[in-house]
Amino acid sequence: MAKKARSGASRDQLDPFRVDARGTTLTTSTGVPIADDQNSLRAGERGPSLLEDFALIEKIQHFDHERIPERVVHARGSGAHGYFQVYKSLAGLTRAAFLNDPTVKTPVFVRFSTVGGSRGSADTVRDVRGFAVKFYTSEGNYDLIGNNMPVFFIQDAIKFPDFVHAVKPEPHNEMPQASSAHDTFYDFCGLTPESAHTVLWLMSDRAIPRSLRMMEGFGVHTYRFLNAKGKSTYVKFHWKPVLGMYSLVWDEAQKIAGKDSDFHRRDLWEAIESGAFPEWELGVQTFDDATADSFAFDVLDPTKLIPEELVPVRLIGKMTLDRNPDSFFAETEQVAFCTSHVVPGIDFTNDPLLQGRNFSYQDTQLSRLGGPNFNQIPINAAQCPFHNNQRDGHQQMQINVGRASYEPNSLGGNFPKESPRGFASFLEKIDGDKRRVRADSFKDHFSQAQLFWNSQSELEKQHIISAFSFELSKVETPAIRERYVADILRNIDGRLTAEVAAALGMPVPKSGKAPAAAKPAGKTVKTSPALSMIGTQPTDSIVTRKIAILAADGVDGAAIAAMKAALTRAGAVVHVLAPHLGSLKATGGAVTVDHRLVTMPSVVYDAVFVPSGKAAVAALQADGDAVHFVREAFKHAKAIAAAGDGAELLRTAGVPANAAGVVTGGGAALAKSFIAAIAQHRAWDRGGLQAVPA
Ligand code: HDE
């Protein structure tokens, strides 16, 4: 009954609910044994089915109701269990119990998601990724529901339905699926300049991560830490992936969406099954009111980030994901995150987006999960005791004993009782006029878009230009394209505007809507190196990278064995791909084939190795899939290695042996240089990739 990889957490609330039917008798859901599950009850051998067939009716009826509404946003997601451990007590900043004791491993459930697509949509679409963490702490559940980008498209919750209607597939024909490249999105964003900063992030490589394990997470809003004395410190949360942050290239992401639409889900699942547990460090930026007031932006505005150069990120603990769910539906689908799930020591600020979220998440679960008892569903249930006077409702799972379900009471000794240690909100003085208003401090929409743009490397800027050009080319209404370039891009950067305008075949706009506010005074930075991915990537590890070895009958088995051993030692995952399954006739020992070449395209691998062996190389040269594999890996700037006459296949594929990231030769030296090339992630300085026909 127990699963193989156990969470490091001391206990698991799901255990009592796990059902293992091995060795059991088939029954109805009321426990009546079933003798025949092949045939329904009929009047006569060829006659009509009978209404009294309760086994048929129960089975079909349950099936008819298997689906629940998918999430209105973030419908596509993948989850995993694990634990979080703080490095040392943060008692000075917060009284949150799970952040006070470094010996405690707090169980977590994490769900990663895309935003716009429906539940079955592809993983690698250009989109923001959700990064939602449920901490089952000793003082209740804490949900940190963030994204892989630190800012959001809008400033006020009242605009969220508008934004989501604009980005989702268009209402008349439900197209396009899981893509922002369409008219309604750019119509809304062109008319809503506060979205400019986040749309820039969406056009960056952050929106096409290589792996869910290789992306950052952000709490986005400014929250509060409260210590035992009630002292408040502002806090921004960051998740930093231990493996570093890496992305796909756009052409590759689109192809994977067709070839393996579960790419990220599979990658997460396989890493955990193999014991390569994904890890993130939790970082915090903490600051006081005076610091907040000194910035050139408002810390309550969720379209703004706090540059790490102004307030450094302090790493306070580590999260490890070490167990896959048993049931996708029971766990990943039914998990209900709510921003209102906070614990003593963590509190909200007046960020108007956060305030609206605090209603929305709680509310949406009612229609998604069918009633007010969703917190009793095993994946949502607290792992500490919970007692109150809430009663009844659909799917009530608890049998509350006693007569008193009210407070105060004398019949039940006045239990459950309030506690002096209970949650207490920050004592904040509020004094203002009741008004529908957007603060002036929220009106500068372009300074941080410029900060992000200016912080990107040349290559990353090119990728952003290509992404905007791609997306806006898909917009059918010329006025919407033109407005976006004139009113938004023109206010960010001249080169960005000119190059996108050129791709759209429109003149570079000389005028457009002016920014609503002048650049405010206050502390900020001109560039923030931490905002560039390429500049911050580690280049010394190939752990969990997937490497393909292309082989056929007649291959040099010893060359494969040596390369495989070296790559595996370095932590990579190695697959032998060949024209047929089974094993290959090989010199130096038989070689087991992991996959047929036609089932595994180059886009799902990080690098490719072609071993020597005359007959094998000749067979691969005559195989269009093998030639395309190598050429496409080259186009996507991946590391390519060839041993001995394996280099012939590279020649057939038009891959120059002296190009960056291409290594040839043999023996230990080849393995070493191949590993070094893979660790670079991509050979960006390869050049001429646009011209590669693959
Ligand atoms: Fe969400 N969001 N959101 N969102 N969001 C939901 O809640 C909403 C926002 C985020 O894996 C919904 O349970 C409003 C920001 C994630 O289950 C819904 C506003 C951020 C997930 C909802 C926002 C997020 C959601 C849909 C603006 C990053 C997936 C299903 C006021 C900090 C959680 C659900 C999971 C899901 C509302 C803005 C992240 C409808 C009203 C900002 C990661 O309640």
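Predicted model: local features only at pLDDT ≥ 70, side-chain atom pairs only at ≥ 80, totals over all residues.
**Note on strands, ligand shell and ring pairs**

1. Strand β18 covers residues 607-610 and strand β19 residues 639-643; the two run parallel and are joined by four bridges.

2. Strand β18 is also paired with strand β11 (residues 546-550), again in parallel, through three bridges. Here isoleucine 547 is the residue opposite alanine 607.

3. Are the faces of β18 covered or open? Both are covered: Ala607 and Phe609 are buried on one side, Val608 and Val610 on the other.

4. Which residues come nearest to the ligand? They are Arg71, Arg111, Arg357, Tyr361 and Gln365, out of 24 residues around the ligand. For glutamine 365 the distance to a ligand oxygen atom is 2.9 Å, and for tyrosine 361 the distance to a ligand nitrogen atom is 2.6 Å.

5. Strands β3 (129-137) and β4 (140-147) and helix α9 (352-369) are the elements that give two or more residues to this shell. The most come from α9, which gives six residues. By class, the shell has 12 nonpolar, nine polar and three charged residues.

6. Across the whole structure, a search finds 31 aromatic pairs. In one of them, phenylalanine 295 and phenylalanine 297 have ring centres 4.9 Å apart and planes at 10 degrees, so this pair is stacked. Both of these phenylalanines are buried.

7. Another pair is tilted, because the rings of phenylalanine 468 and tyrosine 484 have centres 5.9 Å apart and planes at 35 degrees. Phenylalanine 468 belongs to helix α11 (residues 458-473) and tyrosine 484 to helix α12 (residues 478-488), so the pair ties together parts that are 16 residues apart in sequence. Phenylalanine 468 is buried, at a relative accessible area of 1%; tyrosine 484 is buried too, at 0%.

8. Phe468 and Tyr484 are members of a cluster linked by ring pairs, together with Phe152, Phe153, Phe160, Phe163, Phe185, Tyr186 and Phe188.

9. Some rings have a charged residue over the face. Lysine 417 lies over phenylalanine 415, at 4.2 Å from the ring centre. Arginine 545 lies over the face of tyrosine 246, at 4.6 Å from the ring centre.

Definitions and conventions. Residues numbered from 1 in each chain as written. Heavy atoms only, no water. Buried < 20%, exposed > 50% of the residue type's maximum accessible area, 1.4 Å probe, protein only. Pairing = 2+ DSSP bridges. Near = heavy atom within 4 Å. Polar contact = N/O pair within 3.5 Å; in protein donor to acceptor, adjacent residues only side chain to side chain. Nonpolar A, V, L, I, M, F, W, Y, C, P; charged D, E, K, R; others polar. Phe/Tyr/Trp six-rings, centres within 6.5 Å; stacked < 30°, edge-to-face > 60°. Lys NZ or Arg CZ within 6 Å of the ring centre and 35° of its normal.
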